[in-house]
Structure formats: C-alpha cells, structure tokens
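Please walk through this model step by step, with the coordinates open beside the text.

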Amino acid sequence: MSRSTFSRSALLALGLSTALATGALAQEKVLRIGMTAADIPRTHGQPDQGFEGNRFTGIPMYDALTHWDLSSADKASVVIPGLATEWAVDATDKTKWTFKLRPGVKFQDGSDFTSAAVVWNVDKVLNKEAAHFAPDQIGVTVSRMPTLKSARAIDPLTVELTTSEPDAFLPINLTNLFMASPAHWAAKLAAVPASVTDAGERAKQAWAAFSADPSGTGPFKGTRLVPRERFEMVANKAYWDPKRTPKIDRVVLLPLPEANARTAALLSNQVDWIESPSPDAVPQIKQRGFTVYTNAQPHVWPWQLSFAEGSVWLDKKVRHAANLCVNREELKTLLGGLMEIPKGTVPPGHPWWGNPSFDIKYDLAAAKKLMTEAGFSAAKPAKVKVLTSASGSGQMQPLPMNEFMQQALKECFFDVQLEVGEWNAVFTNWREGAKSPNARGANATNVTFAAMDPFFAMVRFTSTKTFPPVSNNWGYFGNDEFDKLIADARTSFDGAARDAALAKLHARIVEEAPFVWVAHDVGPRAMSAKVKGVVQPKSWFIDIAPMSVE
Amino acid sequence: MLTYLAKRILYVLPVAFGVSLFCFLLVHIAPGDPLTSVLPPDASQAMQDELRRIYGFDRPLPVQFGLWLMKALQGDLGTSIATGRPVAAEVWRAVGNTLLIAILATIIGFLLGSFFGFVAGYFRGSWLDKMASIVAVLGVSVPHYWLGMVMVIVFSVQLGWLPPGGAGPGGSAAWKWDWEHVSYMILPAITMSVIPMGIVARTVRALVADILNQEFVPALRAKGLMDFGVFKHVVKNAAPTALAVMGLQLGYLLGGSILIETVFSWPGTGFLLGNAIFQRDLPLLQGTILVLAMFFVTLNVLVDIVQGLLDPRVRRR
C-alpha cells in the first residue's frame, strides 16, 4: 500500500469513526413508559385519570406554587416550595395568604411567569366570568383545594390568595393547581376561526388546541398527542431548577391498561418502564434483568366501619379485635410481597404519625379476648357484612384480599359476609353512606383511598360536617372531640404546628379505629436496567426529571 | 330488483331509530354517574349540580334524547366528557383502525373457514373431515383473548418476531404501509379471525354436505361432470349463505373486540367502547354504539343485495 493510499484510508477510517461516535453521542435518549391508564391523561394542566395523570402529564410539564418533595425514597414526601418561594397567612385575617413567586421563571412558550399568571390559573377553575373558564377542569381541581376562593396580584412577584375559611391545608392543596401559560392560551384562542362566535365554544376549542400543544413551566414540554395512543414530551433545557433539568431528551407515554399487555411490552423491549406489572409476572420480570421498584404509598386499603345504630362496630373492643386478628404478613405473601403492612393511615416516622397508643398488629389471643369481653364467641359470632367490588381504581385485588379477611376474622368469632357490587355502584355508595338502601345492609365498606393531604387522608372520614351525602364519612364516625382536633389542625398556620395538630388527630383516629387497616399499596413499577437515577419516593408520584437513560 | 332494494333500505330507518333509542336508554339506566370522569370522589353536591347543568344532564331524558338525535342527524355526535374531544372524530379514527385489522381478519377467516368447511363437507366422515372439524370447533371455542395472550408470549416475548401491541411505532396517526407497521396488525388480526373462521367452516361444512345430498349432484355426475366440475356447482350453491354469514361476521369484527383490542392495545372501536364504558362517558358510548349499529345495518343491507344478485329466489321472497 502506498503512503498516500494509506493516509487516505486512515483519514477515511478516522472520519468514519468520528462520525459514528458523534452519531452515538447525538443519539436521542428516549424513555418509553407504559401507563395503566386507558387514555392519555389530559394535557392542559389539570390532568384526569387520578394521580397517574398528575404523575405523567402534570408534574413533568407543569409546576404548581408548592411541590411534593420526591427526592427521597426513605423520608416522607412533604410539601416544598415550587413556583412560590415562600408564603404566609395574614396575621389578622387568616383567610388571606401571601405567596412570593420565584423570579426569572418562564413558560415554555417564552412568556414570563408572574402573579398575573397565578390569578389567571385560579380563575380558570373558579371564576365563571373569565373568558378561559374551563368547566371540565373544575372536577379534578376544585375539590382538591376546597376552600380556595380567589386570587389577586399584589405586584408581579406577589400574589394574594383568599380562602372561604381559615385553612392551614392550603399550601398542601395547591400542589394540585398547575400553572398553564396564559399567553399561549391567548394565542390558541386567537387562532380559533372567526366563524365560531359563541364565547364558551371558542374557549373550549382554545383549550383543545392548548392540550395538543401545551405550555407550562415544567422540565418537559409536550410535543405530540395521538389521542388514546401516545403522548410525547421533550426536555425543557431552560428549566429553572438545575437539579431537575432533564437528562432524558424525550419521554413517550403509552396507555396500556391491560396488565399482561404491559408486561409483554416491557419484556419485548417495546417500553422501558411499566406501571403496576402483573404480580404473577414479577419473578419473570426480575429474572430477565429488569428492576422492580416499590415503596409504601400514601394509600390505604381499609374496611371503613359503620357507626349507625345496631352496628357491631359501635363497640371499640370489636373494632380493635378486628385490627388485631389479621395476619398481614400472610396477606403480603398472598400478594407476592406487593403491599406494605399498615400501622395506621400514615406510617411511623411520618410528620402526622402521632404515636398512637393502640398498636395495629397481629395478636390472635388479644383479639379473641376482646371479642369474648364484647360478648361474642364461636357459637355467637359478630355478624359483619362488607360491601366491596370485584375491581376498581386502587382496590388492588379486592376479592382474594376480602376472602383472606373473611377467613382470618373467622378465628376471632366474626361471621363475615361479602357483598360484591359493581365498582361504580360501591363507589357511589361511599358518599351515600351506610344508612342508604344502596349499602345493602353492609356495616363496612371497602373503598381504598389516597392519604396525601390531610383532608383526603383524615378529615373527610372523621368530621361530623362530612357525614353523607356531603362527603365520604360513610360510617357516620365523628364527635365534638374530632371536630375540635380538625379545627385545631385547620387553624395551625405554622407548618410544624399544623403537623403536630394533624399528628394528634391521626393518633386519636388509630386509637378509636373507625377502620380496619389492612394494607398500603406499594406502587410497583418495573423498569429496564438502562433507566438510571430512579428514586421511588413514598408518594403516588415520581420525578422523571432527574432520571437518565443509558 | 329496485323494489327489493328500496324495501331493504326503508327497513333501515326504523331499525336505526330503535337502535339509537335503545342505546340511549341502556346507557342511562346503567349504574354509575355519567360525570364520573370529571367529578372527583369528594365533589360537593353543589359542584355535582353545577356540572350536571353545564353538561345538560339536568334535563328530562326525552329532551336529552331529542337534542342528541337532532345533532346526530347533522353528523355531530357531541363531545366526550372525559377527553373534551369531538366524539365523531374519535369514533371515525377508531373505526379506521379497526377496519385495518377487521378486513385482514375477515380475509383470513373467510379463506381458512371456507377451505376447512369445503374439505370437511366434501370428504364427510373421513379423517380430513374430522381434522377440519376439530380446527373449526377450536376456533369457535378457544377464548380469543387467551389466544392473543399466548401469541404475544410466543411471538413477541419469546421469539421477538412481532410487536406485542400498539398501532405502529409512531401510533396510528403515523401509519405507513411497510413491514414495520404491518407487523403490528398480524397478531391482532389472526386472533380476531379465529372465531369467524370457525363459524364459516362449520356453516360451509353443513352446506356442502347438504348440497351433495341433493338430486342435482348425481344428475351432474350422470352428465359426465368430473369432481372439479361438480365442486364448482357446489361452491356456487353454497356461496350466498357463506357470504351472508361472513357479512355478519364482518359486522361483528367492525365492532372491534374490547378484549382483543385491549390485549393488543389496538386503538380501535373495541378499545374505545371499553374506555367509554369504564369512564361512563355517555356521549362517547352512545356515539360509538350508534355508528357501529349503523355499520351493522348497512352491511346487512349490502349482504341482502349481494344475495339477491347471486340468487334470484331471494328477491322473490
């Protein structure tokens, strides 16, 4: 080979290898996620599909004034500053709050995030006169911040929020109000054809266009929506928080509602991450080199007990006995390890734990003793009828779990009858209450719930103001003591004082036992080993932004 | 023929009205709240009332039905409660996706079903008949969602030959007619074809056996026709009924299969119906059922017409 030919070959080889290396470096880092939802959660800033919606089309694309801390797998997930850097309630009027906003934040369309944007986002669900009022966003938003009434801009970086009554839970509730871009929405409204003259219809079409091309302040920006099939987001490299600036270039969300289909998609490398793999498939998934992440979620799988006249649960001994009679370790084995054993609504170590004097554990002898003291025996069992469903959101595996409970409680002189209803009917009865004919004579109901914020975790089940049909105090549990504990928590505006008040409330709930606490879900998700930097927090949510794909 | 055609088309109108009324009533008497997808579990009564008013569910049922029917006649099937998207666009997109696999499944089902049916009928009582009958019975009896899962495990997970689900690497909106995309159709279409294959095979077998027992067959043989010539006559006689059965099957397939489309995450009408049912999305449910019912009715009319063309006796009835 001549020298010149060699040089040309060497140069060519060098060029090729450089091109290949550059190509490899420039290769897009894509994360494909198989969700349990049957459709893409709504993308306009107030997602539907429960908390899976917030997890995948809320938190990645949008910010709220306050955020959940999702950075630790060990500590409880608590509220931290988001688009607001600090907040305080008015010293004289406890219904007014001042929020200081983070300076320099921009929406993905380039417009500035200011107090006017906060007012606009409050108005979208609370002000019926606003041009951008969105009735379909009310449901998933307003009930999660039930006392928020209005917002007012003080200056570009200060906003005043007003509540209908003093409510220390407001900063927690505000994690649910995501900030969408007013300027981007206005551009979409301007693009609605002039032939559409009805203001409501114009707003609806503008929101539909906004959903297809959304703009928030979050670490990812939505780029492509194929209804019911896929949603794509790309990294927002200009994100304001360097710790959450994405390393992944593109995230693809795929609705795969069937558990076996999700598992097959993961095993055949069609996706890199699936939510809730089929429990039976977990060993195979692990064997194939995938990682299964779990952690105790703020979720409760309970029997909610009736305190209506004639109910066997009116006797605290019976309530305690039922809680002591369930061998939850065995139940955990039945579920392939995919549950956490509860000690109450929140676990020990949580700021709202409160160290209750009643210890929820398996103690068969103590349970039998309590039942004997309550006047029951094998010959004269306590008759219990439990309303449950064959399936349903968050219900885990309701039939095997309830059958397990039925068998377990038989040992402690309970005669449990399961009343299996259609999920929506059971869910609807949750608000109608134990006294409704639709409860079919049940004295316990089995509807699971999220325990992220104090109202949903505790208040709605223990206040006399939340008796049916107002809210979900299905069993009519409540008295002056609990109403006072709730009022104390709602009016403790210092974060630590509020948590202390909630801890007292939680301790008393566990001691009075208006539930049989059976399990916490652990939110299993399986991922390819090439997904790095995964932190599965003690939360319904997970932060994609700090993750990377190799 | 024109009178026959006009009669068949006229019959469609009361059927269409009956179907729409029945669908409307059926979805309204089902348990659950139509606003489930937009109402939170803790919605106050005031919020429930307000949303009911906004969505028009506070009006009497006849008024709701009348308004819906008026709009439907103009091609507007309303807006999905859960997604806020127009129902008509959702349904037509899903129908298009289901058509892709339904037509492929029809072709597979009809060809295989006819083949097994003719073989079984022509060689009645032989081992060929028994084998073909076993295949046909299996086709009708095997739960198709189970078969779908097994095929996914074998061909996607174990062998890695075909994708386990979805409608193409970029979704149905980016569909192309190349192998990369067509490979996504194969497993759902085969799974979908199994039931019609079984039904067609059993129908054709019975038909062929019946035709072979008729007097004209020995006459044909007496005229000196060989087996193939007789076979052609048998096919011609069996075709109208086989076509009618397949037409009905195509109608069923166009309705998609909630189970198959869920197993394969195929965004067709079955998948859409499943979503609409679980979300209690009444406008979407009503719109989808109406469109599918109209498809079914139209297909039946088309089959009647084709039957009439093939067999003059049908036109005289």
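In this predicted model, 1 disulfide is present over all chains. Its partners are A:Cys325 and A:Cys412, with sulfur atoms 1.9 Å apart. That is inside the 2.5 Å cut-off for a disulfide. The torsion about the S-S bond of A:Cys325 and A:Cys412 is about 95 degrees, so this disulfide is right-handed. The bond ties together distant parts of chain A, 87 residues apart. A:Cys325 sits in the loop between α10 (316–324) and α11 (328–334). A:Cys412 sits in the loop between α13 (398–410) and β15 (414–421). Both A:Cys325 and A:Cys412 are buried.

Next comes the nonpolar interior. In soluble globular proteins, nonpolar side chains tend to be buried together. Here the largest nonpolar core has 117 residues. Which of its members touch the most others? They are A:Trp303, A:Trp313 and A:Phe414. Among elements, helix α15 (residues 454–462) of chain A gives the most to this core, with 6 residues. A second core is separate and has 55 residues. This second core draws on both chains, including A:Ile138 and A:Leu161 from one, and B:Ala94 and B:Leu284 from the other.

Now turn to the boundary between the chains. The size of an interface is often given as the accessible area lost when the parts come together. For chain A and chain B that area is about 3,500 Å². Carbon and sulfur atoms give 52% of it. How many residues does each chain bring to the contact? Chain A brings 44 residues and chain B brings 52 residues. On the chain A side, A:Arg228, A:Glu229 and A:Arg431 lose the most area to chain B. Together they account for 18% of what that side buries.

Chain A and chain B share 2 salt bridges. One of the salt bridges between side chains pairs B:Arg85 with A:Asp39, at 3.1 Å from N to O. That distance is within the 4 Å limit for a salt bridge. There are also 8 residue pairs in polar contact between chain A and chain B, both residues being at pLDDT 80 or more. The elements of chain A that give two or more residues to the side touching chain B are α4 (135–142), β8 (220–226), α8 (259–267), α14 (423–432) and α15. Of these, α4(A) gives the most, with 6 residues.

A:Lys128 lies in the loop between α3 (115–126) and α4 of chain A. Is A:Lys128 buried or exposed? Its relative accessible area is 52%, so A:Lys128 counts as exposed. Leaving aside neighbours within four places in sequence, A:Lys128 is in contact with A:Phe133 and B:Glu50.

Helix α14(A) also deserves a stop. Its buried residues include A:Trp423, A:Asn424, A:Val426, A:Asn429, A:Trp430 and A:Arg431. A:Arg431 was named above among the residues that lose the most area to chain B. Just after α14(A), A:Gly433 takes a positive phi of about 95 degrees.

Further along chain A, some backbone details stand out. A:Arg440 is not a glycine, yet it has a positive phi of about 55 degrees. A:Arg440 lies in the loop between α14 and β16 (444–445). With a relative accessible area of 34%, A:Arg440 is partly exposed. A:Tyr476 is another residue other than glycine with a positive phi, near 60 degrees. A:Tyr476 is found in the loop between α15 and α16 of chain A. Its relative accessibility is 17%, so A:Tyr476 counts as buried, since the limit for that class is under 20%. A:Pro469 is found in the loop between α15 and α16 (480–490) of chain A. A cis peptide bond joins A:Pro468 and A:Pro469, with omega about 5 degrees.

Last, look at chain B as a whole. What is its make-up in helices and strands? Chain B has 13 helices and 0 strands. Its C-alpha atoms fill a box of roughly 85 × 55 × 35 Å, taken along the principal axes. Of the 317 residues of chain B, 51% count as buried. Among contacts in chain B between residues at least 6 apart in sequence, 71% join residues at least 24 apart.

How values were computed
Residues numbered from 1 in each chain as written. Chains lettered and ligands numbered in written order. Predicted model: local features only at pLDDT ≥ 70, side-chain atom pairs only at ≥ 80, totals over all residues. Heavy atoms only, no water. Helix = DSSP H or I, 4+ residues; strand = E, 2+ residues; numbered from the N terminus. Buried < 20%, exposed > 50% of the residue type's maximum accessible area, 1.4 Å probe, protein only. Core = buried A, V, L, I, M, F, W, Y, C linked by side-chain atoms within 4.5 Å. Contact = heavy atoms within 4.5 Å. Buried area = accessible area lost by both parts, 1.4 Å probe. Polar contact = N/O pair within 3.5 Å; in protein donor to acceptor, adjacent residues only side chain to side chain.
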